[in-house]
Amino acid sequence: MSFYERVDSLLRQKNISQRRMIIDFGLGKNTMFNWKHRNNIPSGEVLLKLSEYLDVSVDYLLCNDRYCLNCDEMLLLSEYRKLGKEQKENILTAIKVNSPTGNENGGT
C-alpha cells in the first residue's frame with residue numbers, strides 16, 4: 001500500500017474528506033494529487049501532524065509494515081487510550097491472565 005493509499009484509507013475510515021484535511025493542514029490544493037501520482041511524501045513536520053490527526057504512527061503512514069496494526073488492533077489501541085489508569089490496569093491484567101502462557105507475568 002502506498003503512502004497516498006494509506007492516508008486515503010484512513011481518511012475514509014474516519015469520515016474525513018481529503019478537502020477537509022487539506023484545509024485543516026493549510027496544504028496546497030494539489031497535495032493529494034502529488035502524493036498519488038508523483039509518490040511525493042510530505043515533510044517530517046507534516047508527517048508528524050498527520051499521524052496525530054489520523055491517530056496512527058508515522059511508521060504506519062510510511063507503510064513500514066513491521067509496525068502496522070490491523071483494524072482491530074487500531075480500534076483496541078484507540079479505545080485503550082481513552083481509558084483511565086485503573087481501567088488500563090484492569091485490561092492489562094485480563095490480557096496477562098488470558099495470555100497463551102497462562103500466567104500473570106505475561107511470560108516473563
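A residue is termed buried when its relative accessible area is under 20%, exposed when it is over 50%, and partly exposed in between (1.4 Å probe, protein chains only). The model is predicted, so local features need pLDDT of at least 70 and side-chain atom pairs count only at pLDDT 80 or more, whereas totals for chains, interfaces and linings use all residues. Residues are numbered from 1 along each chain as its sequence is written, and side-chain values use heavy atoms, with hydrogens and water left out.

Helices are DSSP runs (H or I, at least four residues), numbered from the N terminus. Helix α1 spans residues 3–13 and is mostly covered, with 8 of its 11 residues buried. These are F3, Y4, R6, V7, D8, S9, L10 and L11. After α1 comes N15, which has a positive phi near 55 degrees.

Two packed helices are described by the angle between their axes and the distance between the axes. Axes are lines fitted to C-alpha atoms over the stretch in contact, and angles run from 0 to 180 degrees between N-to-C directions. The axes of α1 and helix α4 (residues 44–54) lie 10 Å apart, at an angle of about 30 degrees. In this contact (heavy atoms within 4.5 Å), α1 contributes F3, V7, L10 and L11, and α4 contributes L47, L50, Y53 and L54. By class, the contact has 8 nonpolar, no polar and no charged residues.

Helix α2 (residues 18–25) also packs against α4, at an angle of about 125 degrees and with the axes 12 Å apart. This makes α2 oblique to α4; angles under 35 degrees count as roughly parallel, over 145 as roughly antiparallel, 65 to 115 as roughly perpendicular and the rest as oblique. Here R20, M21, D24 and F25 of α2 meet V46, K49, L50 and Y53 of α4. The residues of this contact divide into 5 nonpolar, no polar and 3 charged.

A salt bridge requires a side-chain nitrogen of Lys or Arg within 4 Å of a carboxyl oxygen of Asp or Glu, and the count comes to 5. One of them joins R12 and D8 at 3.2 Å, N to O. R12 and D8 are 4 residues apart in α1, about one helical turn. R12 is exposed at 53% relative accessibility, whereas D8 is buried at 15%.

Another salt bridge, with closest N and O atoms 2.8 Å apart, pairs D55 with R81. This pair links distant parts of the chain, 26 residues apart: D55 lies in the loop between α4 and α5 (58–61), and R81 in helix α6 (residues 71–81). D55 is partly exposed, at 36% relative accessibility, and R81 is partly exposed at 47%.

Conventions:
Helices (H or I, at least four residues) and strands (E, at least two) are DSSP runs, numbered from the N terminus. Ala, Val, Leu, Ile, Met, Phe, Trp, Tyr, Cys and Pro count as nonpolar, Asp, Glu, Lys and Arg as charged, and the others, Gly among them, as polar.
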